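Please read these notes with the model open beside you.

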There are 2 protein chains.
Amino acid sequence: MWRDLETVGLDRDTGGYRRFAWSRTDHDLREWFAGESAARGLDLTTDRMGNQWAWWGDPDAAVAAGDPGIVIGSHLDSVPDGGAFDGPLGVVSAFAAVDALRERDFAPHRPIGVVNFADEEGARFGVACAGSRVITGALSPDRARGLTDVDGITMAEAMLRAGRDPDSLGRDERTLARIGAFVELHIEQGRYLDDLGRAVAVGSDIWPHGRWRIDVPGAANHAGTTALDEREDAMLGIAATIIAARRSATEHQCLATVGKVEVVPGAVNAIPASAACWLDARGTDPDTVLRVVDEVRDVVGEFDGLVTRESWTPVTHFDAALVRRLSERLDDAPVIGTGAGHDAGILANDGIRTAMLFVRNPTGVSHSPDEWATADDCLAGVGALADVVTDLAGSTG
Amino acid sequence: MWRDLETVGLDRDTGGYRRFAWSRTDHDLREWFAGESAARGLDLTTDRMGNQWAWWGDPDAAVAAGDPGIVIGSHLDSVPDGGAFDGPLGVVSAFAAVDALRERDFAPHRPIGVVNFADEEGARFGVACAGSRVITGALSPDRARGLTDVDGITMAEAMLRAGRDPDSLGRDERTLARIGAFVELHIEQGRYLDDLGRAVAVGSDIWPHGRWRIDVPGAANHAGTTALDEREDAMLGIAATIIAARRSATEHQCLATVGKVEVVPGAVNAIPASAACWLDARGTDPDTVLRVVDEVRDVVGEFDGLVTRESWTPVTHFDAALVRRLSERLDDAPVIGTGAGHDAGILANDGIRTAMLFVRNPTGVSHSPDEWATADDCLAGVGALADVVTDLAGSTG
């Protein structure tokens, strides 16, 4: 399976993947998913948002019987120059788990579904987890349709070109009803498991996280003629913000990142008239994260700057009983939180019984070609997933 | 004259001017110059690089007689969203000085030329003073022709479209021989004259100045999952550079500016894989400027970054005797250095007798719609220019 995926959307220059929603590459990935589904005799359905579901067993009969299916899987799209594992590892492992269960002659009590969520990274239209957000209603159809990419193409246009019907978007009760539980396997995006010497962990929650825009005013002037004490240099405020964010996050033991800066006019010999940067802050405790933002705001205020919240997502807890059950089933696998968003989090917030599995990543690197897992750890992940499904689909609990 | 220029290249949104070389706006400015020249019965010549010269008297006869002409003027192009005065004030004042001399029935001993230098700001092709650099040979014809704008159009193509012949570029002995002395009047780009309470100053030199590119490496990673102590965040090095540049320049009393930053990949939730910024440093003393750069380099080194020199221009002295003579003629006008480059500096470096006049700018602002001079100060500038030309063109010295 890996070999077929290896070259899809690969940028030979960067060694990274560029798998964006509703692109030609995305189409090829969907064809791959359909092929793997057909090869296993699974029933492929695609919901109105384009999420693909490959079912072993009849999901609707299970809903009628009051005992809906167990879904595993993840997504196939990537960030720009992303790695090979973020997303695909969860989908490939799900198919491999189905194979393992069949080799064991496992007879499921409930149907088992493998899912490929559409547009998880939001790399093209700027909203992450668009596939799960639309079917749960967390992202309204109007807003989804109107999102635009860098070329000004709306998601509605992009879906139309890909043969989808954007007019049909909206909360999808039928699709959601089929999910008795969802377990998403994902490459770890840090080095916690490597430090611990374990191959697999169970995810307990997604940290509260937010995004703030910081605007610092300045006065445009000539870099060669304006005395230092007559300057109002927006760049100094940005530098102070970057340093304050790191200092404050270190002190309060959470994460703060400035990854994007915009300077106006951005000329070498011009004192900036204004500058903006973006603060991404996350942590286990919401109060701590917001304290970091407050401390950054104090520094920004010294430069007459403004801090504006662009997004804030409170903590998302996965199903506590399910998390405990998975950990026990997997030799007391460690239970860890994560700072990254996932479709599993969107479903959990919709009240669906949800958990995650993480596979060790020795580099700890994510969203980069350097993300990696050993073949042994990938197989350990497949085994864990098969064990979990055996437990959940083999019983009525 | 001002009224005719007022709307040429004006951006109604920003209130600034966008007068770029070889554009339609540039063409309109040249037509204006030709009209003002014709209205005064001056002989208009355009050299191979497109610099316009309006002569009162025969410049070649004066060269033959060993007593070449006195040239005044400046440029008409602008930086993006520039002000109304930088450049045009020198050209308009030159024409007005001709008018004043004629009202006084002045009979010049030598010809008087008014110049409009092409592409002084370098806003389109990135090289400042292209007009004077090409005719002195400081910019080679091949390099000039190959410069490109943001749309990938070369200067050669742009000149062709504007009806010029780029093949004919090169050092222009005939044009240079006609310049017995050049006095460029310019709006001040600082508040020195305002603090002093004087309307006009004489320029003594152009400070040594340079431009350095600073590259800081990093490691791409996910902003939501990477522990702070596992990060190699290029943005921290940029912030430290910005702060070090200001601190060091303050300590050594010169100018340092970071006006441009580039971050890769530049996403809100991505720890930067690399980042670059540019340092513009200038001052009265070259050793001091280079000491600032060394101190910045030390800080950049702490982040494994690299500092690369992109340009360095040593101090340019205007003709000391001419500067003294102008200052005495103008009621002991203050004599000031400047951190900005000018066509006058290019000619001075070519051994031409050169000086500058600066007119008070109460805002001290430059390269912005806020640059400004009072009508009285503009008239004082015209008077000073007329007095200087009376002195220089009325005698054989």
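**Notes on the model**

1. B:Thr316 counts as buried, with a relative accessibility of 3%. Buried means under 20% relative accessible area, exposed over 50%, and partly exposed in between (1.4 Å probe, protein chains only). This is a predicted model: local features need pLDDT of at least 70, side-chain atom pairs count only at pLDDT 80 or more, and totals for chains, interfaces and linings use all residues. Residues are numbered from 1 along each chain as its sequence is written, chains are lettered from A in the order in which they are written, and side-chain values use heavy atoms, leaving out hydrogens and water.

2. Where does B:Thr316 lie? It lies in strand E13 (residues 316-317) of chain B. Strands (E, at least two residues) and helices (H or I, at least four) are DSSP runs, numbered from the N terminus. The side chains of B:Thr316 and B:Asn349 are joined by a polar contact of 3.2 Å. Such a contact is a pair of N or O atoms within 3.5 Å; within protein, one must be able to donate a hydrogen and the other to accept it, and residues adjacent in sequence count only if both atoms are side-chain atoms. Leaving aside neighbours within four places in sequence, B:Thr316 is in contact (heavy atoms within 4.5 Å) with residues including B:Ser204, B:Ile206 and B:Ala348.

3. B:Ser168 sits in the loop between helix H7 (155-161) and helix H8 (173-177) of chain B. B:Ser168 is partly exposed, at 23% relative accessible area. B:Ser168 and B:Arg48 are 120 residues apart in sequence, yet 6.3 Å apart in space, C-alpha to C-alpha.

4. Now a helix pair in chain A. The axes of H10 (residues 234-252) and H11 (residues 286-302) of chain A come within 9 Å and cross at roughly 150 degrees. Axes are lines fitted to C-alpha atoms, for helices over the stretch in contact, and angles run from 0 to 180 degrees between N-to-C directions. H10(A) and H11(A) are therefore roughly antiparallel. Angles over 145 degrees count as roughly antiparallel, under 35 as roughly parallel, 65 to 115 as roughly perpendicular and the rest as oblique. The contact residues of this pair divide into 8 nonpolar, 4 polar and 4 charged.

5. Compare a pair in chain B. The axes of H12 (residues 320-329) and H14 (residues 375-393) of chain B come within 10 Å and cross at roughly 125 degrees. That makes H12(B) oblique to H14(B). Among the residues making the contact are B:Leu322 and B:Arg325 of H12(B), and B:Asp387 and B:Val388 of H14(B).

Key
Ala, Val, Leu, Ile, Met, Phe, Trp, Tyr, Cys and Pro count as nonpolar, Asp, Glu, Lys and Arg as charged, and the others, Gly among them, as polar.
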